[in-house]
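Please read them with the model open beside you.

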Amino acid sequence: LTAGKSQPRGPESYLSEYTATLLYQWVLDLDQGRCVAEGYLSSLPIELPVVNPRFHGRPSAQVCFALALLSAGGPLQDFSGPLEGVLFDGIVKLDLDTGSTLEHFRLPPGHFPVSEPTILPKRGSDDQDDPNNAYMVLLTSSVDPRAGDQRKSDGSRMLVLDAARISNGPIAIVDL
């Protein structure tokens, strides 16, 4: 079982400070009904990891896609909590066996994801056993730093990337 895991500093810290989420793996022995090994796979802060839905629960999932952290800090001015905020600047593809970063796609300056990555398997393809045989969809928004980091009225987009080559950038951009 692989997922994101964070370690808050205290019972209330998730309300007031950012705690990094890292890729974590538990090895379960279902016959014995217990966890036989566990540990962090990567030291890269991520959020909202996803795999190709064709591979849910299968060891051949191989890769996951997640939001990549640009910065953490605060204080946030417009909200009462948490006191720190986070910005994500793109997407990473991680190897689920080693935790290594396989690819990274960075959004243009001032553009930020506003959704988790969504994986859509390619239809009609010959290779249904490859978890990279999919499209990755991400909704983004942009801000104008000259206007006090206010969201641009024309800045929302849907990006479509080839999951096999996310570092090449979008194969389609739809203005929303």
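1. The side chains of K122 and D162 meet in a salt bridge with an N to O distance of 3.2 Å, the term being used for a side-chain nitrogen of Lys or Arg within 4 Å of a carboxyl oxygen of Asp or Glu. The pair links distant parts of the chain, 40 residues apart, since K122 lies in the loop between β9 (118–121) and β10 (134–144) and D162 in strand β12 (residues 157–162). Both K122 and D162 are buried (under 20% relative accessible area, with exposed meaning over 50% and partly exposed in between, for a 1.4 Å probe and protein chains only). K122, D162 and R165 are linked in a network of salt bridges.

2. This is a predicted model, in which local features need pLDDT of at least 70 and side-chain atom pairs count only at pLDDT 80 or more, whereas totals for chains, interfaces and linings use all residues. Residues are numbered from 1 along each chain as its sequence is written, and side-chain values use heavy atoms, with hydrogens and water left out.

3. The charged end of K122 also sits over the ring of Y135, 5.1 Å from its centre, which requires NZ of Lys or CZ of Arg within 6 Å of the ring centre and within 35 degrees of the ring normal. In another such contact, the charged end of K5 sits over the ring of Y24, 4.2 Å from the ring centre.

4. Five salt bridges are found in the whole structure. One of them joins E103 and K93 at 2.9 Å, N to O, linking strand β7 (residues 101–106) to strand β6 (residues 85–95), and both E103 and K93 are buried. R157 forms a salt bridge with D175 at 3.1 Å between the closest N and O atoms; here R157 counts as partly exposed at 27% relative accessibility, and D175 as exposed at 56%.

5. The rings of Y24 and Y40 have centres 4.6 Å apart and planes at 80 degrees, so the pair is edge-to-face (rings of Phe, Tyr and Trp, the last by its six-membered ring, pair with centres within 6.5 Å; planes under 30 degrees apart count as stacked, over 60 as edge-to-face and the rest as tilted). Y24 is in strand β2 (residues 21–29) and Y40 in strand β3 (residues 34–40), strands being DSSP runs of E with at least two residues, numbered from the N terminus.

6. β2 and β3 pair in the antiparallel sense over six bridges, where pairing needs at least two DSSP bridges between two strands.

Methods
Helix = DSSP H or I, 4+ residues; strand = E, 2+ residues; numbered from the N terminus.
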